[in-house]
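Q: I am new to this structure and would like to learn how to read it, one feature at a time. Could you guide me through it?

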Amino acid sequence: MELTKSEARKHIENLDEKDVIFDQTEHAHITVRLVRYEKTVDNFDTKLNAIMNELKKLPFVQSLEYENGYINIITDGWYLLNAMHESLQTTGSFPESFQDPERVSVEHTSTNPTGPIHMGRIRNSIIGDSIARLMERYGYRVVTQYYVNDSGKQMVSLYLGYEKFHKGETLTKEILLDGYKKIYEYFEQKGDEKEVELLMEKYEKGDDDLINQIKNIAQIMLDDIVSDLELLNIKMDEFTWESEFIVTGETEEVIKDLSEYILDENGALYIDVPNVRKIFVKRKNGTSLYVTRDIAYHMYKFSQYDKCIVVVGEDHKEHGKIMDYVMHQLLDYKNSLDFVYYGMVNLESGRMSTRKGTSVTVKEVYEKLYEKARNEVLSRYSEEKDVDKISRDIAVSSLRFYMLKINMQKPITFKWEDALDFNGETAPFIMYSYTRASSIMEKVKSSSEEASSKNIEKEENDLILEMYKYPYKIMNATKSLRPDIITGYILDLSKKFTTFYEKCKVLGEETGIQERRLNILKTYMNIIDDSSQIVGIKNVKKM
């Protein structure tokens, strides 16, 4: 692809990158779209002939033709296979790491520690973890971060619920959740939330005893959240507590740094963010707000990392605009800051809420997936020592794939039958393709024969070309911060492999052809395993 672009640009300098693509039709493998240059480029016919002659010399080009404004290229599958196989033999992977040394922070999850993670929140964690894995695969130095929101109304309410209904009892997740539910019922009966407001003012003025008590409660809930994340193989590298920016006085530093842009409204301080609204950074009583503390947090991150990525729900888009404006326009930081927004996850009955008891927890879904996977595996594989691990790998992979396969911008309505479906476009389908390849490789006897280019079938070529797209998929997914590009690619690749598996015999095929097809299998297994790791699918050799 890159060679095709460079050769074409020798003669049409302003050729758009998007005009050289992997073709999705049956016309070609690679297409160079020149239709819009025919009437705008001088001496187009001469330049077209020059491009065609240069492209014919490229080793991966088998044939090409110009038709209706398009150069349609058929690639040489034998050349592509050898290039990938050589990469695997020399470096152990395809493609090699892109080796970008920049430091990257990926902040995700960061949910208030007021209850277990439910299905409405886990999409954030899975997207964030997959972006971190993607960036690391690309070559960045990546750190994942959880910003612990232990300040604000919800956390103070959690504390007050315990103090009012369970004071003196051993702190447990169950007791805290019960108090949290009861405190909101209490507010509704009373008709106001003045007790919380008074505690919040005390907290935000830096009352050490109150801050420590709430932090202690938050830690209990956070431990449970971390445990749930670990079920899905999601590990956080750093935890930063919101309260730290109050205790250290860093929120006051924010006010000083923004002083030339700050306006006063009856004692409350704010900044004007164009096309948004007034953004208050300090209340009349002298306390900070969430946005002030978040600015302090981003100043800390910018001191440590070249790129900062924050995964949040689509309802945080305004906050993203505010942070981008403050950090880049007002504070003049040069670090890149990207907010990745995702559509919300709802139940068929509506939005989930821990406080109202209308949520489905990740642990509940995971356990049901595990039980179904276990029943499926036991029906065809009875060795008890392996069934448990295989079933858990299937459960984790199924949930992660379910949350990633849909474009992040689109909302998801959670349905049990979709999450638990082991047929169709699911993780088990992908995992089973890997299992099939493994079963063939386990039966292979050593051979000194060379692979042959003789009689390459269409299904072989189709699979080879799909495998060759992998580096471009990684680049596109990294640049756009879209792990769903990888899930879509893995699914397409698995489908191509399934067709190859059904149509092309491997073992027992004539000398040379068997070796070629074994090389295809080795390459496929490497790429499917590598890409699966990015999105958290755990392939197994038996299923």
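The dialogue below takes up a sheet, a helix and a helix contact.

A: This is a predicted model, in which local features need pLDDT of at least 70 and side-chain atom pairs count only at pLDDT 80 or more, while totals for chains, interfaces and linings use all residues. Residues are numbered from 1 along each chain as its sequence is written, and side-chain values use heavy atoms, with hydrogens and water left out.

Q: In what order do the strands of the open sheet lie?

A: Strands of a sheet pair through backbone hydrogen bonds, either parallel or antiparallel. Strands (E, at least two residues) and helices (H or I, at least four) are DSSP runs numbered from the N terminus, and two strands pair if DSSP finds at least two bridges between them. Here 4 strands form an open sheet in the order 1-2-4-3, with antiparallel pairing. Strand 1 (20-22) and strand 3 (61-67) stand at the edges with a single partner strand each, so one side of each is left without a neighbour in the sheet.

Q: Over how many bridges do strand 3 and strand 4 pair?

A: Strand 3 and strand 4 (residues 70-75) are joined in the antiparallel sense over 6 bridges, and Y66 has I71 in strand 4 as its bridge partner.

Q: Is helix 17 largely enclosed or left open by the rest of the structure?

A: A residue is called buried under 20% relative accessible area, exposed over 50% and partly exposed in between, using a 1.4 Å probe and protein chains only. In helix 17 (residues 458-468), 9 of the 11 residues are buried, so this helix is largely enclosed by the rest of the structure. Contact means heavy atoms within 4.5 Å, and what covers the buried residues of helix 17 includes strand 1, strand 4, helix 3 (77-91) and helix 20 (513-535).

Q: At what angle do helix 3 and helix 20 pack?

A: Axes are lines fitted to C-alpha atoms, for helices over the stretch in contact, and angles run from 0 to 180 degrees between N-to-C directions. Helix 3 and helix 20 pack at about 60°, with their axes 10 Å apart. That makes helix 3 oblique to helix 20, since angles under 35 degrees count as roughly parallel, over 145 as roughly antiparallel, 65 to 115 as roughly perpendicular and the rest as oblique. Among the residues making the contact are W78 and H85 of helix 3 and N519 and T523 of helix 20.

Q: Which residues does H85 touch?

A: Leaving aside residues up to four places away in sequence, H85 touches N519, K522 and T523. H85 belongs to helix 3 and is buried, with a relative accessible area of 12%.
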